[in-house]
Each structure stands twice: as structure tokens, then as C-alpha cells.
Amino acid sequence: MRVSERQRYETATGRIERAKLNNSNSLNVLATQKRINTLHDDPIAMTQVIKKNSQIEENSSFQRNINFTKGFIETTETALSGIGDRLIRAKELAIAMANDNYDSKSRSATAREVAEIINEVVQLGNSNYNNRFVFSGFRTSSPALSQDGNFLGDDGGIFLQIEDSNYKQINTPGRFLFGPTPDEQQQGHFGLVSSLEVLRDSLNEDDKQGIYKAIDELGFHLDKVSSFQATVGATFNAIDQAQQRLESGKTSLVTRKSELEDADMYKATSDFKRTETVLQSTLLASNKLLQPSLLNFMQ
Amino acid sequence: MMHQVVGSYLLAEGILLFYMLEHNYEWAFHSLNIGAESLYNTRQGVDTTSHNMANAQTEGYSRQRVNLTTRDPLSKRNLLIGNGSYIKNITRSHDQFVENQLVKASSAKGESDAAKNELLALEEIFNPELANSVSDEMNSFFDAINSLANFPEELSTRTTVYEQGKNLIAAFKRVDSEVKRNRDGINDSLAHMTGEITDSLRTIADLNIQISQSEVGQQNQANDLRDKRDLLVRNLSEKMDISYYEDKWGMLTIRGPSDILMVEGNSAVSFQYQVNSDNENMYDIIITDFEGDPFRNVTDAIGAGSLKSMIDVRDRVASNLLKNNNVMAMTFANRFNEIHRDGFGLKDFRESRGRNFFDPVTDVDSAAKNLQFSLDIENSVDAIAAASTPNAPGDNIIANRLLSLRNEKMLDDGNATFTEHYANYVGNLGIETVRAKHVSEANDILKGSLESAREAVSGVSLDEEAANMIKWQTAFTASSKVITTVDEMLETVLSLKR
């Protein structure tokens with residue numbers, strides 16, 4: 001076959017171009033450490049990456065939700081155990097003061113301590129996390145309890161998504177905690193703060209029957225507080241487990257995404273070396289190929 | 001007797017000399033003629049060689065050959081005397097079969113190259129390395145909604161929702177305007193190409209006339225003119241589907257899309273563009289008749305070449321991208337509003353509901369372009385509705401419902417979430433680009449091998465030309481020698497008589 005000049009030049013330039021292109025492609029992979037740098041590098045994997053990105057983002061927001069939720073629940077837990085402690089203390093005082101050994105003077109002195117306990121309980125009931133009052137239902141920007149223990153919040157349950165289609169209620173309904181609910185009222189129960197107030201007033205008035213009544217009520221509320229504590233603890237455990245699931249889910253998502261789009265560094269490096277060698281030898285060969293001509297030998 | 005003999009001998013000698021002189025002259029001039037013509041022939045050989053060498057790298061050039069033929073012999077005294085040679089013609093090395101293949105391959109390559117280039121440009125808009133793609137901004141926006149669900153009463157989370165919403169709107173608009181910019185670019189190139197095509201058709205028609213005039217009544221071929229015309233035809237075939245044949249006067253008749261007559265003799269149609277108001281003011285391509293009056297709209301009739309794929313990318317691919325973007329913007333905005341209207345805001349908006357988040361989208365064709373916040377949201381972030389009940393700053397029920405849109409299959413008739421839909425249509429663009437790239441690479445190889453085949457026949461080899469030059473030069477020297485030799489011989493004859 002005849003080989004013409006243009007054929008030779010075009011073959012040479014074509015080869016050099018191809019070698020350069022391969023070389024710069026593998027340089028690109030090496031520099032970005034990614035297998036997929038444009039859509040057409042692997043469109044199928046690219047769509048997977050887009051979906052994975054969205055899932056990873058969602059996973060991170062669930063985790064952020066959980067971190068936030070944990071703080072909120074811990075605040076609730078602290079408040080509940082504080083209230084529980086105060087109720088126990090009040091009940092101890094009430095049982096002691098129900099004893100005939102004490103006179104009205106020591107009872108009114110104790111009443112002052114109970115009044116202090118009431119203040120503390122109201123303060124605990126108005127616990128906040130990041131300026132959000134945890135027992136106020138949806139009315140999170142105003143305190144749950146007034147100074148005399150009236151519930152000011154509403155019945156809103158704050159739900160947060162901690163997993164795909166898994167919403168958890170993170171707040172403890174203040175109205176049920178501080179009560180009384182209509183049912184309880186029917187059964188003759190007082191609210192939590194009212195019970196303490198009954199104790200305080202009975203101590204002030206030296207009313208032993210009132211103290212007995214208060215002891216019963218405090219017992220009732222202690223039970224309620226500990227059952228709420230149990231609920232909160234269970235929620236905490238549930239979201240803790242969800243968090244662990246999310247963590248491992250995220251690891252596998254990130255791994256999968258990396259498998260899809262990240263370059264195999266050993267392969268990328270050796271590809272680069274290989275294409276570089278090809279480019280150099282092509283340049284060398286082309287230089288030699290294009291040089292000799294009969295014209296060089298005609299003198 | 002002796003005298004007589006000597007006398008008659010002398011006479012005979014004189015007659016012989018006369019005879020010889022007479023015929024020697026004829027013989028001498030004959031050789032001079034042959035030598036002179038040979039000088040001319042060999043000089044032409046060197047000329048053609050230098051012409052070949054000068055065009056060694058000219059695109060579309062076919063190497064030329066000087067074809068020598070022996071002159072018919074002279075008949076003298078029952079002898080057939082050789083009469084030298086003359087240049088019969090100068091021909092180009094040309095293979096019409098390869099040329100036809102090449103024209104077809106050019107059409108295919110023009111088509112796939114244009115498709116590849118335009119798709120690569122469009123693909124850049126959705127480059128995964130860009131951080132502000134619609135999908136990324138959507139993720140960030142939902143992230144902001146998630147913060148809103150965590151802290152519905154906070155000003156900062158509301159501001160984040162507002163800012164991320166703005167970014168999301170900008171991302172929709174960016175896709176819209178970038179795709180449109182690309183589409184307008186293609187449209188302008190099309191308009192530009194109609195001018196180029198008209199010029200080439202006109203030039204081909206002019207060459208038709210020049211070729212038929214140069215070749216009339218001669219054995220010669222107008223080599224260089226034909227090379228030029230072949231190249232024009234090949235370049236034309238890169239742009240569209242053509243068929244052609246040569247008539248007996250050497251003129252090319254070319255038919256274009258839908259077999260429309262484009263060049264006949266020295267007449268050529270022209271290509272024009274005109275605005276089509278039914279296709280978003282994109283250009284239609286119109287072929288005029290030989291008189292220049294509009295004849296056919298061939299926008300959708302072009303069957304191959306770069307015109308075809310440019311029109312395809314402009315009218316199908318780009319429109320499809322715009323449509324997907326618009327549908328996503330509209331569906332999302334309206335669905336988001338639907339839920340948002342159920343909710344209550346903060347402060348001044350704590351007891352009122354029914355507000356839109358985005359300005360309601362009614363026209364799907366301009367959804368992305370006109371997407372914006374509703375006036376309420378634009379004026380105050382307190383208008384963002386997170387609460388399902390009035391006066392409830394901690395209520396995040398609406399925020400949670402908005403958040404659930406992330407996984408709601410709201411697109412493709414309820415078959416795809418927002419992210420899935422985005423990934424699908426962008427993925428389809430990627431697949432189309434890959435296909436165009438592969439086809440283009442295949443056509444590269446095909447056309448490359450055909451070009452190689454053409455070059456093998458028609459291309460100039462400098463080594464070969466160098467050898468030819470030596471050949472002609474040697475022949476030239478030899479012819480010169482013939483002339484000097486004859487000259488010397490004549491000298492000898494003339495010196496007989498002192």
C-alpha cells in the first residue's frame with residue numbers, strides 16, 4: 001500500500017492526540033481521586049451517587065435530630081428526677097410531721113421548707129433546653145407553670161423524625177404530669193403542685209388530716225413521675241439505638257458511594273504511568289517516523 | 001574508360017551525397033523535434049512533481065500524473081519510424097468508490113460529532129462537581145426544613161429556610177437559563193451554517209461551469225477544480241444528507257434532504273433561516289428554489305449530518321431538560337405550598353394560615369424562570385408556617401409534613417421522589433452523551449480508515465515525488481544530450497563541404 005505524506009502526519013497526530021487524551025484523562029482521575037468526573041464517565045453510577053448523596057444528607061439530618069433530641073430528653077429527665085427527689089423529700093417531711101411528737105411551731109417551720117420545695121418544683125417544671133420550655137407542649141416560648149403551679153402550656157406533642165418514617169414524641173406532656181386530668185379530678189386527686197400546696201397549708205394550719213391526705217397525694221404523684229421517667233428513659237434508649245443504626249447505615253452509604261465514584265488509587269496511578277509511557281514513546285516514534293525522506297539524501 | 005568510370009563514380013557519389021544530405025536533414029530535424037518535445041515533456045514532469053510536492057499537505061488534493069504516450073510512427077520507405085512521445089494528459093489519482101464512501105462516512109461523522117459536542121456542553125450544566133445543582137440545593141433546603149422542625153420558634157432556622165429556599169430557586173433558574181443559553185448558541189450556529197451551506201452550493205455550481213468549460217472537447221480533466229469540488233461536497237455532506245451524480249459534461253447534480261434538488265448545472269438553491277414562533281422563536285431552515293423564493297421548510301426533514309443532530313439537541317434534548325426542570329419546579333412549589341397553607345407562622349402570623357411559600361406556579365413552561373417566594377415570605381420569615389395550631393411556637397407538625405416531601409413520590413405520576421426524578425433525567429442525559437461519544441468514536445475510526453484509503457490512492461508521497469523528480473531530471477538530461485548530439489552531427493555534415 002502506498003503511504004502518502006498526509007497519511008503519515010495524520011496517523012502520527014492522531015496517535016499523539018489519543019495518547020495525550022488518555023494521559024490527561026488518567027491525570028484527571030489521579031488529581032480528583034474520583035472515577036466519575038463528568039456525567040458521561042458513568043451515568044448509571046452517577047444517578048446512584050445523586051441518590052446516595054440525598055440519603056447521606058437525610059441520614060445526617062436524622063443524626064442531628066437525634067443529637068438535639070437527646071439534649072431535650074436529658075433536660076426532661078433531669079427535671080423529672082429533680083421533681084421526684086423534691087416529692088420524696090416533701091413526703092418524708094409530711095410523714096415526719098404527721099407524728100404527734102411535733103408541735104404546730106415545727107410544723108409551720110416545715111411549711112416554709114415545703115414552700116421552698118414548691119418553688120423548686122415550679123422552677124424544674126419550667127426547665128428549658130436552648131430556651132425552649134420542655135413541658136409547655138407547643139407553647140415552648142413561655143413557661144409551663146405559673147408561680148402558683150397552674151399549667152400554662154398546651155397538649156402539643158413535639159415529634160421529630162429520627163429515622164425514615166419513624167417519628168418520636170420528644171416532649172413530656174406537662175398537663176398530664178402536673179395535672180390533674182379530668183379523670184384524676186373525678187377520683188379526687190389534686191395536681192402535683194396543688195398536692196404540695198395542700199401539704200404546705202395543712203402544715204401551716206396544723207391540720208393532721210390534711211397532712212395524711214397530702215401524703216397519699218404525694219405518693220400518687222411520685223408514682224406518676226417515676227412512670228414518666230420510665231417512658232422518657234425508654235424513648236432515650238430507642239433513639240440511642242436508632243442513632244447506632246443510622247451510624248452504621250451512614251458508614252455503608254458512604255462506602256457504597258465511594259465504591260461508585262472513587263478511583264482505585266493503585267489502578268489510577270498505574271494507569272497514569274502507563275499512559276505517560278505510551279505518550280512518550282508515541283512522541284519519540286513520531287519524531288523518528290516523520291524525519292527521513294528521500295529528499296534528505298538527495299544532494 | 002577510367003575517366004568515365006571515375007566520372008560516373010563521382011556522379012554517383014554526388015547523387016549519394018545529395019541524397020544523404022537531403023535525408024540527413026530530415027533525420028536530423030526529426031530527432032531534434034523528438035528531443036525538443038521530450039525536453040518539454042520532462043520539464044512538464046518536473047513541474048507536475050513540484051505541484052504535487054507543494055500540495056503534499058493540502059486537504060482534498062489528489063496527486064497528479066503526467067501521462068506520456070508514444071506518437072504514431074511515421075511511415076517512410078516501408079519503414080515505420082518511431083516518432084517520440086507527447087503528453088497525452090495530466091490525470092489525478094482518484095478512486096470514485098472510496099470518495100463516495102467517504103461522503104457517506106462524513107455525513108455520519110458530522111452527525112455524531114455535533115451530537116457529542118452539543119451534549120457535552122449541555123452535560124456541563126449538570127456536572128457532578130458543581131456544588132449548586134438542583135439536587136444538592138434541594139438537600140440543603142430540606143436540611144433547613146429539618147432545622148425548622150427542631151427549632152420552629154427560632155429566627156435563625158427560619159432565616160436559614162429562607163436563604164436555602166433562595167438558593168434552591170437560583171438552582172432551578174440556573175439550569176433554566178444555562179440550558180436556554182446553550183440552546184440559543186446552537187440556534188445561532190444553525191443560522192450561521194445556513195450561510196456557509198449557501199456559499200458552498202454556490203461555489204459548487206460555479207465550479208460545475210468552470211469544469212465543463214475547461215474539459216470541453218479535450219481529453220484533459222480539470223484536476224484541481226475537481227479536487228476543490230470533491231472537498232466541498234464532502235464538507236457539505238458533514239452537514240446533511242446528500243446524494244449526487246455527475247452528468248456527461250462533468251457537472252454535478254446534488255440532491256439534499258427529502259431529495260430536494262440543490263445544485264443543477266450552474267444553478268444552486270440557498271439555505272435560509274426564519275423565526276418559528278411556535279417553537280419558542282427558534283429558527284427554521286428553509287430551502288429556496290433556484291429563483292431564490294422560499295420553497296421548503298426542511299427543519300424536520302434533514303436525515304443526517306451535523307444539522308440533524310444540532311436540531312435534535314436543540315428541539316428534543318434541550319427542550320426535554322427544560323421541561324423536566326420546569327415540571328420539577330412546578331410540582332415541588334405547588335406541593336410545598338399545599339402543605340404550607342395548612343400551617344401557622346410566628347408573631348404577626350401566629351393566628352393566620354393559608355399562606356403560600358412560593359408564588360403559586362400556574363404555567364409549567366415558565367415554572368423555573370418565574371419561581372419566587374410569595375410576598376408574605378419575602379417580607380417576613382415569621383410567615384413561614386411550621387405549626388399546625390395557632391399560637392404554638394413550638395409546634396413543628398407542618399415542618400415535619402414539609403420534611404416528609406423529601407421522600408414523597410410526587411413526580412412521574414407518583415413513581416419518583418424529587419431526587420430520583422432528578423437523578424433519572426440527568427442520568428438519561430449522561431447515557432445519551434455516552435452513546436453519542438461511542439458513535440462518534442466509531443465514526444472516527446471508520447472515517448479515518450476511509451481517509452487513509454483515499455490518501456493511499458490520492459495522497460502525495462514526498463519520497464515518491466523525489467524519485468519522480470530524479471526520473472524526470474535524468475530524462476531531461478538525456479533529451480538535452482539528444483539535441484546536442486544531433487547538433488554535432490549536423491556540424492559534421494555541414495563541414496563536408498568546405
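**A colleague's note on the A–B contact, the core and a sheet**

1. Where the chains meet, 45 residues of chain A and 49 residues of chain B make up the contact. Please keep in mind as you look that this is a predicted model.

2. Let's stay with chain B's side of that contact. The largest share, 17 residues, belongs to α10(B). Sorted by class, this side of chain B holds 20 polar, 19 nonpolar and 10 charged residues.

3. The largest nonpolar core has 151 residues, and the members touching the most others are Ile145(B), Ile204(B) and Ala329(B). Helix α4 (residues 155-215) of chain B supplies the largest share of this core, with 16 residues.

4. Leaving aside residues up to four places away in sequence, Ala329(B) touches Phe172(B), Val361(B), Ala367(B), Ala368(B) and Leu371(B).

5. Chain B also has an open sheet of 4 strands, which run in the order β5-β6-β7-β8 with antiparallel pairing. The edges are taken by β5 (243-246) and β8 (267-268) of chain B; each has a single partner strand, so one side of each lacks a neighbour in the sheet.

6. Finally, a look at one pair inside that sheet. Strands β6 (residues 252-255) and β7 (residues 261-264) of chain B are joined in the antiparallel sense over 2 bridges.

How values were computed:
Residues are numbered from 1 along each chain as its sequence is written. Chains are lettered from A and ligands numbered from 1 in the order in which they are written. This is a predicted model: local features need pLDDT of at least 70, side-chain atom pairs count only at pLDDT 80 or more; totals for chains, interfaces and linings use all residues. A nonpolar core is a set of buried Ala, Val, Leu, Ile, Met, Phe, Trp, Tyr and Cys residues joined through C-beta atoms within 7 Å. A residue is buried if 20 or more other C-beta atoms lie within 10 Å of its own, exposed if 12 or fewer, and partly exposed in between; C-beta atoms are placed from the backbone. Two residues are in contact if their C-beta atoms, placed from the backbone, lie within 7 Å. Two strands pair if DSSP finds at least two bridges between them. Ala, Val, Leu, Ile, Met, Phe, Trp, Tyr, Cys and Pro count as nonpolar, Asp, Glu, Lys and Arg as charged, and the others, Gly among them, as polar.
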